[in-house]
Amino acid sequence: MSPTPKSLRDRAEETKLKIQKILDVSCAGHDEEVIKAIEQTIIDALLEERERCAAIAYDHVCEEDRDRAHKVSEEIKRIRNALAANLESMR
(Lines give C-alpha, C1' and ligand atoms only; values in the text may rest on other atoms or scores of the structure.)
Protein backbone atom coordinates (compact mmCIF):
# COMPACT_ATOMS: atom_id res chain seq x y z
CA MET A 1 0.00 0.00 0.00
CA SER A 2 1.48 3.35 -1.04
CA PRO A 3 1.66 6.17 1.50
CA THR A 4 -0.56 9.21 1.17
CA PRO A 5 1.14 11.90 -0.94
CA LYS A 6 2.48 14.83 1.04
CA SER A 7 1.12 18.31 0.42
CA LEU A 8 3.39 21.31 -0.04
CA ARG A 9 2.33 22.40 3.42
CA ASP A 10 3.42 19.05 4.91
CA ARG A 11 6.75 19.28 3.12
CA ALA A 12 7.27 22.88 4.28
CA GLU A 13 6.52 21.91 7.90
CA GLU A 14 8.95 18.97 7.72
CA THR A 15 11.62 21.23 6.22
CA LYS A 16 11.12 23.80 8.97
CA LEU A 17 11.60 21.11 11.61
CA LYS A 18 14.75 19.82 9.89
CA ILE A 19 16.19 23.35 9.69
CA GLN A 20 15.43 23.93 13.37
CA LYS A 21 17.12 20.65 14.29
CA ILE A 22 20.20 21.31 12.14
CA LEU A 23 20.62 24.85 13.45
CA ASP A 24 19.49 23.90 16.96
CA VAL A 25 17.16 26.91 17.03
CA SER A 26 13.50 27.57 17.58
CA CYS A 27 11.25 29.63 15.34
CA ALA A 28 8.95 30.32 18.29
CA GLY A 29 6.40 32.89 17.25
CA HIS A 30 7.45 32.72 13.61
CA ASP A 31 6.52 29.17 12.65
CA GLU A 32 3.81 30.22 10.20
CA GLU A 33 6.05 32.78 8.45
CA VAL A 34 8.87 30.24 8.09
CA ILE A 35 6.50 27.58 6.74
CA LYS A 36 5.01 30.03 4.22
CA ALA A 37 8.48 31.11 3.07
CA ILE A 38 9.54 27.50 2.54
CA GLU A 39 6.27 26.70 0.77
CA GLN A 40 6.73 29.66 -1.59
CA THR A 41 10.33 28.63 -2.28
CA ILE A 42 9.14 25.15 -3.28
CA ILE A 43 6.50 26.65 -5.57
CA ASP A 44 9.00 29.02 -7.18
CA ALA A 45 11.49 26.20 -7.76
CA LEU A 46 8.82 24.01 -9.37
CA LEU A 47 7.70 26.83 -11.67
CA GLU A 48 11.27 27.60 -12.71
CA GLU A 49 12.00 23.93 -13.38
CA ARG A 50 8.82 23.60 -15.42
CA GLU A 51 9.89 26.57 -17.56
CA ARG A 52 13.38 25.09 -18.00
CA CYS A 53 11.98 21.72 -19.10
CA ALA A 54 9.53 23.40 -21.46
CA ALA A 55 12.35 25.38 -23.08
CA ILE A 56 14.40 22.22 -23.63
CA ALA A 57 11.40 20.39 -25.09
CA TYR A 58 10.60 23.38 -27.30
CA ASP A 59 14.07 23.19 -28.87
CA HIS A 60 13.50 19.56 -29.89
CA VAL A 61 10.20 19.74 -31.78
CA CYS A 62 9.19 20.58 -35.35
CA GLU A 63 7.91 24.04 -36.33
CA GLU A 64 4.25 23.01 -36.40
CA ASP A 65 4.46 21.60 -32.89
CA ARG A 66 6.28 24.73 -31.73
CA ASP A 67 3.34 26.87 -32.79
CA ARG A 68 0.95 24.63 -30.90
CA ALA A 69 3.26 24.53 -27.89
CA HIS A 70 3.51 28.32 -27.91
CA LYS A 71 -0.28 28.68 -27.85
CA VAL A 72 -0.60 26.17 -25.02
CA SER A 73 2.21 27.89 -23.13
CA GLU A 74 0.51 31.26 -23.41
CA GLU A 75 -2.75 29.77 -22.14
CA ILE A 76 -0.95 28.14 -19.20
CA LYS A 77 0.70 31.47 -18.32
CA ARG A 78 -2.66 33.24 -18.46
CA ILE A 79 -4.28 30.64 -16.20
CA ARG A 80 -1.30 30.60 -13.82
CA ASN A 81 -1.42 34.37 -13.45
CA ALA A 82 -5.16 34.28 -12.77
CA LEU A 83 -4.69 31.49 -10.22
CA ALA A 84 -1.85 33.34 -8.50
CA ALA A 85 -3.99 36.49 -8.28
CA ASN A 86 -6.90 34.50 -6.84
CA LEU A 87 -4.69 32.75 -4.28
CA GLU A 88 -3.05 36.04 -3.31
CA SER A 89 -6.45 37.64 -2.70
CA MET A 90 -7.35 34.75 -0.39
CA ARG A 91 -4.48 35.52 2.00
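**Notebook: pocket lining and helix packing**

I started with the second largest pocket: α3 gives the largest share of its lining, eight residues. I note that I am working on a predicted model.

I then looked up which elements give two or more residues to that lining, and found α2 and α3, the latter spanning 63–90. I read a volume of about 310 Å³ for the second largest pocket. I sorted its lining by class and got seven nonpolar, two polar and five charged residues.

Next entry: the packing of α1 on α2. I took α1 as residues 8–23 and α2 as residues 31–58. Their axes come within 8 Å. I read a crossing angle of roughly 115° between them. I logged the crossing of α1 past α2 as right-handed.

I listed the residues that make this contact. From α1 I have L8, R9, R11, A12, E13, T15, K16, I19 and Q20. From α2 I have D31, E32, V34, I35, I38, E39, I42 and I43. I classed the contact residues of α1 with α2 as eight nonpolar, two polar and seven charged.

Last entry: the whole chain. I counted three helices and zero strands in the protein chain. Along the sequence I read the pattern α-α-α. I then checked the radius of gyration, which is 18 Å for the protein chain. The globule rule gives 12 Å for 91 residues, and the chain's value is well over that, so I put the chain down as more spread out than a compact globule. I also boxed the C-alpha atoms along the principal axes and got roughly 55 × 35 × 30 Å.

Technical notes: Residues are numbered from 1 along each chain as its sequence is written. This is a predicted model: local features need pLDDT of at least 70, side-chain atom pairs count only at pLDDT 80 or more; totals for chains, interfaces and linings use all residues. Side-chain values use heavy atoms; hydrogens and water are left out. Axes are lines fitted to C-alpha atoms, for helices over the stretch in contact, and angles run from 0 to 180 degrees between N-to-C directions. Helices (H or I, at least four residues) and strands (E, at least two) are DSSP runs, numbered from the N terminus. A crossing is left-handed if the near helix is turned anticlockwise from the far one by less than a right angle, and right-handed if clockwise. Contact means heavy atoms within 4.5 Å. Ala, Val, Leu, Ile, Met, Phe, Trp, Tyr, Cys and Pro count as nonpolar, Asp, Glu, Lys and Arg as charged, and the others, Gly among them, as polar. On a 1 Å grid over the protein atoms alone, a cavity is a set of points where a 1.4 Å probe fits but cannot get out, and a pocket is an open set with protein on both sides within 12 Å along at least five of seven lines; lining residues have an atom within 4 Å of a point. Grid points are joined across faces, edges and corners, and a volume is the space filled by probe spheres set on the points. The radius of gyration is taken over C-alpha atoms; the globule rule is 2.2 Å times the number of residues to the power 0.38.
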